[in-house]
Amino acid sequence: SKLWAFFVFFIVLLSILFYGILTYKRTDVWSDPVKLYKEILKYSPSNTKARINLGVILAKRGQHEEAIKLNKEISRLSPNDRSVHSNLATIYVEQKNYDLAQAEFEKAVKADPNDHVALNNLGIIYKQKGDIKKAMEYYTKALAINSNYPLTYNNLGNIYLESSQYDAAIRFYKRAISIDPNKGDFYSNLGK
């Protein structure tokens with residue numbers, strides 16, 4: 001009957017409007033990763049991966065204090081998660097707090113002794129502090145674990161360049177370029 005057809009049409013139209021409005025409201029959450037991860041944590045407060053991702057995004061946005069607080073919470077929940085310690089250390093490096101960064105990278109290495117990135121980063125910290133011998137030690141450890149990590153070769157090249165050992169610097173920069181030929185900094189360093 002026409003009445004039944006009108007009723008069905010009205011229900012379908014109301015459903016489309018209702019779900020359309022809900023979809024529109026959800027786009028606000030989906031358009032911003034911070035809002036999205038906060039929404040996820042509202043419904044799943046023990047979701048460690050969402051906390052880690054939120055911490056990384058906050059740090060990239062320069063919201064360091066909130067990112068530090070979040071990463072410390074994660075560290076209490078998952079004390080052996082190396083990525084949390086590395087994320088915290090990266091924030092501390094941006095704040096030029098090298099002692100705290102060093103402590104966090106050391107925790108990352110303790111959690112995973114094969115974390116060549118954390119070892120490389122410890123080398124960077126020691127170089128910043130002026131301890132070239134210790135920096136070289138950590139770079140060597142990083143390469144022993146992963147001999148195809150171009151940033152370590154670049155960092156070694158920087159040390160040799162600064163100490164006027166140009167042949168060694170060139171060798172390390174060329175090795176970094178052979179692994180990752182798309183990194184402009186490697187070519188720039190080689191040019192120096």
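**View 1. Phenylalanine 6 and phenylalanine 10 sit 4 residues apart in helix α1 (residues 2-30), about one helical turn.** The model is predicted: local features need pLDDT of at least 70 and side-chain atom pairs pLDDT 80 or more, while totals for chains, interfaces and linings use all residues. Residues are numbered from 1 along each chain as its sequence is written, and side-chain values use heavy atoms, without hydrogens or water. Helices are DSSP runs (H or I, at least four residues), numbered from the N terminus. A search of the whole structure finds 6 aromatic pairs (Phe, Tyr or six-membered Trp rings with centres within 6.5 Å; planes under 30 degrees apart are stacked, over 60 edge-to-face, the rest tilted). Phenylalanine 6 and phenylalanine 10 form a stacked one, with 6.4 Å between centres and 20 degrees between planes. Phenylalanine 6 is exposed, at 53% relative accessible area. Phenylalanine 10 is partly exposed, at 39%. Buried is under 20% relative accessible area, exposed over 50%, partly exposed in between (1.4 Å probe, protein chains only).

**View 2. Leucine 54 is shown in helix α3 (residues 48-60).** Its relative accessibility is 3%, so leucine 54 counts as buried. Leaving out residues up to four places away in sequence, leucine 54 touches Val34, Tyr37, Lys38, Leu41 and Leu70. A contact means heavy atoms within 4.5 Å. Proline 33 is 21 residues from leucine 54 along the chain, yet their C-alpha atoms are separated by 7.7 Å.

**View 3. Helix α7 spans residues 116-128.** It has 13 residues and reaches 18 Å from first to last C-alpha, close to the 18 Å expected at 1.5 Å a residue. The expected span is 1.5 Å times one less than the number of residues. Buried residues of α7 include His116, Leu119, Asn120, Leu122, Gly123, Ile125 and Tyr126. Their cover includes α5 (82-94), α6 (98-111), α8 (132-145) and α9. At the N-terminal end of α7, aspartate 115 is the cap: a side-chain oxygen lies 3.2 Å from the backbone nitrogen of valine 117. Glycine 130 follows α7 and has a positive phi, near 90 degrees.

**View 4. Asparagine 155 is shown in helix α9 (residues 150-162).** At 11% relative accessibility, asparagine 155 counts as buried. Its contacts, not counting residues up to four places away in sequence, are Asn120, Ile124 and Tyr139. Asn120 is also one of the buried residues of α7.

**View 5. Glutamate 162 and lysine 127 meet in a salt bridge, 3.0 Å from N to O.** Glutamate 162 lies in α9 and lysine 127 in α7, so the pair ties together parts that are 35 residues apart in sequence. A salt bridge puts a side-chain nitrogen of Lys or Arg within 4 Å of a carboxyl oxygen of Asp or Glu. The structure holds 11 of them. Glutamate 162 is exposed, at 56% relative accessibility. Lysine 127 is partly exposed, at 22%.

**View 6. Lysine 107 and glutamate 104 form a salt bridge, with 3.4 Å between the closest N and O atoms.** Both lie in helix α6, 3 residues apart, about one turn of the helix. Lysine 107 is partly exposed, with a relative accessible area of 41%. Glutamate 104 is buried, at 9% relative accessibility.

**View 7. Lysine 141 has two partners: glutamate 137 in a salt bridge and the ring of tyrosine 138.** The closest N and O atoms of lysine 141 and glutamate 137 are 3.6 Å apart. The charged end of lysine 141 sits over the tyrosine 138 ring, 4.9 Å from its centre. Over a ring means NZ of Lys or CZ of Arg within 6 Å of the ring centre and within 35 degrees of the ring normal. Lysine 134 likewise lies over the face of tyrosine 126, at 5.9 Å from the ring centre. In helix α8, lysine 141 and glutamate 137 are 4 residues apart, about one helical turn. Both count as partly exposed: lysine 141 at 37% relative accessibility, glutamate 137 at 33%. Elsewhere, salt bridges that share partners join Arg82, Asp112 and Asp115 into one network.

**View 8. Lysine 96 and serine 164 have positive phi without being glycine.** Phi of lysine 96 is near 60 degrees. Lysine 96 lies in the loop between α5 and α6 and is exposed, at 60% relative accessible area. Phi of serine 164 is about 60 degrees. Serine 164 lies in the loop between α9 and α10 (166-179) and is partly exposed, at 46%.

Terms used. Helix = DSSP H or I, 4+ residues; strand = E, 2+ residues; numbered from the N terminus. Polar contact = N/O pair within 3.5 Å; in protein donor to acceptor, adjacent residues only side chain to side chain.
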